[in-house]
Amino acid sequence: MEPIEVEKVQHILESYIDKDVYIHLETTNGAYASHFNDKAYNVGAYIRNAQVNFSQAKIIGDGNTFRAGLKLELGWVYAEGLTEWTLHKDNQLLLAGHDSEGRLMVALHISETPLGQ
Amino acid sequence: MNRMEKQVVVILPHPDDESFGAAGTIAQFREQGVPVTYLCGTLGEMGRNMGSPAFANRETLPDIRKEELINACSKLDIDLRMLGYRDKTVEFEDKQEVAKDLKHHLDELEPSLVITHYPEYAVHPDHNAMGAAAVEAVRLMAPEKRPVVWAQAISNNYTAELGQPDIVNDVTPTFDRKMEAIMAHESQASGILGQFRESPALSDDLQEAAKQQLGVERFYVWNFK
């Protein structure tokens, strides 16, 4: 993945507007957070291949970390801490944020076809 | 480790569980000519380590880890069966269905020994769930056909609650093979080995830290009474 280039990502986000798309939205601090630090506990959530349709999409940030917001008819999809992007299989936009060790902390993927099982 | 085994089946949920947890013991069995089959539950699809520097992403990770798993099993010279469950979801499957699935393999392979995780003491929910299903699969077998089960605990509190493990296996003689298997899991190895450095009790030197942490493999013999 590459550091987020706002113009490119914004352009791709807009290509999904008013289409039924599949998303993967995830955040995690790892399955061993509390094992290695007794003051921490494991936090994570993911939703995979939820179908949504958004009318507006933006990526905004300070040049290092970014937030993405997708405006749905009845709500929002939101992700924070995004730092990198890639286009997977030509049509799947992957946005992710990693910690200093390169471990995934947050991910937002958007695709016009279902994401892999 | 004195008894000669006929066939060993390792039942763990993630690619790399076999290498970090039991590769030294597995390598010893292979040196004795004992066949070993790994029933690997998932492809570790939801792992957060993406390589260091990162070369995987969430969408490419399953195929990458599958390849790493095949390579690690080849280094260990063991048979591999991938069970097709999904990372982080094993505990939400029907336990009896998973147990029946595992029993099907055990009935066919007729192992003398099964190695799995100790349910409730294995930290990751997939470890606990796969361990519980493995124990259940063996329990479903006729008592005279049951293999011995070695269960591996990982939690920080396990000796306090379970007492000393029955099997304390010094794997120094096969440690190089174990590290080869671990390093075959390229996307995971450096991240996980790196976590040992976060523990102040362990050395900064990665190889040394790995040896302190991974040079002994411990198991409890499951009691079906």
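In chain A, strand β5 (residues 66-72) is joined to strand β6 by six bridges, and the two strands run antiparallel. The model is a predicted one, in which local features need pLDDT of at least 70 and side-chain atom pairs count only at pLDDT 80 or more, whereas totals for chains, interfaces and linings use all residues. Residues are numbered from 1 along each chain as its sequence is written, and chains are lettered from A and ligands numbered from 1 in the order in which they are written.

**The sheet of chain A**

- Helices (H or I, at least four residues) and strands (E, at least two) are DSSP runs, numbered from the N terminus.
- Strands β4, β5 and β6 of chain A form an open, antiparallel sheet in the order β4-β5-β6; two strands pair if DSSP finds at least two bridges between them.
- The edge strands are β4 (54-61) and β6 (76-82) of chain A, each of which pairs on one side only.
- On average, neighbouring strands of this sheet are turned by 10° against each other, direction ignored.
- F66(A) has L82(A) in β6(A) as its bridge partner.

**The contact between the chains**

- In chain B, 18 residues are in contact with 22 residues of chain A; contact requires that the C-beta atoms of two residues, placed from the backbone, lie within 7 Å.
- Helix α7 (residues 186-197) of chain B gives the most to the side of chain B that touches chain A, with three residues.
- That side of chain B has five nonpolar, nine polar and four charged residues. Ala, Val, Leu, Ile, Met, Phe, Trp, Tyr, Cys and Pro count as nonpolar, Asp, Glu, Lys and Arg as charged, and the others, Gly among them, as polar.

**Two helices of chain B**

- The axes of α2 (residues 61-76) and α6 (residues 175-184) of chain B come within 8 Å and cross at roughly 165°; axes are lines fitted to C-alpha atoms, for helices over the stretch in contact, and angles run from 0 to 180 degrees between N-to-C directions.
- α2(B) and α6(B) are therefore roughly antiparallel to each other (the term applies to angles over 145 degrees).
- E68(B), N71(B), A72(B), K75(B) and L76(B) in α2(B) meet E180(B), A181(B) and A184(B) in α6(B).
- By class, this contact has four nonpolar, one polar and three charged residues.

**Residue E91 of chain B**

- E91(B) lies in the loop between β3 (79-82) and α3 (95-109) of chain B.
- E91(B) and N128(B) are 37 residues apart in sequence, and their C-alpha atoms are 7.8 Å apart in space.

Note on methods. Parallel < 35°, antiparallel > 145°, perpendicular 65-115°, else oblique.
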